[in-house]
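Q: Could you take me through this model step by step, giving the general idea behind each feature before the case at hand?

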Amino acid sequence: MSDLIQLTCPTCGAGLAALPGMSTIKCSYCGNEFSVHQTAGEMVLEAFARCPICQRNDRVEKVSGIVARNTNPLSGGLSTTALAQALTPPSLEPSPPAPDSPTYKAAFRTYRRARGWGIGLLIFSLLFSCILFAVNPLAGFLIMMITGWISIFLIVWSARKTSKLKKGFDILWAKWRASEKAWRVAMNRWQKLYYCSRDDVVFIPGEGRAVPPNRMSELL
Ligand SMILES: [Zn+2]
Ligand SMILES: [Zn+2]
């Protein structure tokens, strides 16, 4: 423990503990990374990321740090500066209703009930018309036809409705899962973004591309 060297984060002023021989250090408060240089026994921190426009690292800052610093937790996370607003991470669209949500449950229940009625009516129609056949074959036949068709309609209708609802549901969720995956990739890249205040650009270190903050999404 005595080997730890206490440093101050050049960006946010938080305390950093470095070990001798470390070449990079990351501030756990603002997320900025620095390379550590030892000069005459003293440790000097330098921003890790180099801006592709000015090739310097003296005015770069991690985007996530800027956003965190300028977001007011009391206003429900609303950004307080225009820059932080432009650098806000991409948001994930809300997920579609779950399979067990009340709306879906109610619809499935209706279709199940219709199928139940259909099956019940089919059994009744077979039994009743069998009895009736013995007395009056024509009446028995007519009643079997009518009730039989109604019950078959109910059974087929509920089966088709149920499968249509399930299919629509699967499509919605597959779409949402794809957008969630894309969002994760974008968030992953957003976490790597740096901002250079000299050139007013954002960039991912090592990728050589820089764009103004309002075009940040091109890098994600
Ligand atoms: Zn910091
Ligand atoms: Zn620059």
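This is a predicted model: local features need pLDDT of at least 70, side-chain atom pairs count only at pLDDT 80 or more; totals for chains, interfaces and linings use all residues.

Q: How do I read strand pairing, and which strand pairs with E1?
A: Helices (H or I, at least four residues) and strands (E, at least two) are DSSP runs numbered from the N terminus, and two strands pair if DSSP finds at least two bridges between them. Here strand E1 (residues 5–8) is paired with strand E2 (residues 15–18) in the antiparallel sense over four bridges, with isoleucine 5 opposite alanine 18. The two strands form a hairpin with six residues between them, and glycine 13 in that turn has a positive phi of about 85 degrees.

Q: What is the strand order in the open sheet of three strands, and why is one side of each edge strand left without a neighbour?
A: The order is E3-E4-E5, with antiparallel pairing. Strand E3 (24–26) and strand E5 (42–47) are at the edges and each has a single partner strand, so one side of each lacks a neighbour in the sheet. From one strand to the next the twist averages 40 degrees, where axes are lines fitted to C-alpha atoms (for helices over the stretch in contact) and angles run from 0 to 180 degrees between N-to-C directions.

Q: How are the strands of that sheet joined?
A: E3 and E4 run antiparallel and are joined by three bridges, with threonine 24 opposite serine 35. Strand E4 (residues 33–39) pairs with E5 over six bridges in the antiparallel sense, and valine 36 has leucine 45 as its bridge partner. Their hairpin has two residues between the strands, with alanine 40 in the turn at a positive phi of about 50 degrees.

Q: Which residues touch the most other members of the largest nonpolar core?
A: Such a core is a set of buried Ala, Val, Leu, Ile, Met, Phe, Trp, Tyr and Cys residues joined through C-beta atoms within 7 Å. A residue is buried if 20 or more other C-beta atoms lie within 10 Å of its own, exposed if 12 or fewer, and partly exposed in between, with C-beta atoms placed from the backbone. Of the 25 residues in this core, Val60, Val63, Leu87, Tyr194, Tyr195 and Val202 touch the most other members. At least two core residues come from each of E4, E5, helix H1 (63–69), E9 and strand E10 (201–203).

Q: Is arginine 198 buried or exposed?
A: Arginine 198, in the loop between E9 and E10, is exposed because 12 other C-beta atoms lie within 10 Å. Leaving aside neighbours within four places in sequence, arginine 198 is in contact (C-beta atoms, placed from the backbone, within 7 Å) with Cys51, Cys54 and Arg59.

Q: How far apart are the centres of domain 1 and domain 2?
A: Domain bounds come from an automatic or database domain assignment, which gives domain 1 (5–93 + 195–219) and domain 2 (102–189). Their centres, taken over C-alpha atoms, are separated by 57 Å, and six residues of domain 1 are in contact with six residues of domain 2.

Definitions and conventions. Residues are numbered from 1 along each chain as its sequence is written. Chains are lettered from A and ligands numbered from 1 in the order in which they are written. Two residues are in contact if their C-beta atoms, placed from the backbone, lie within 7 Å.
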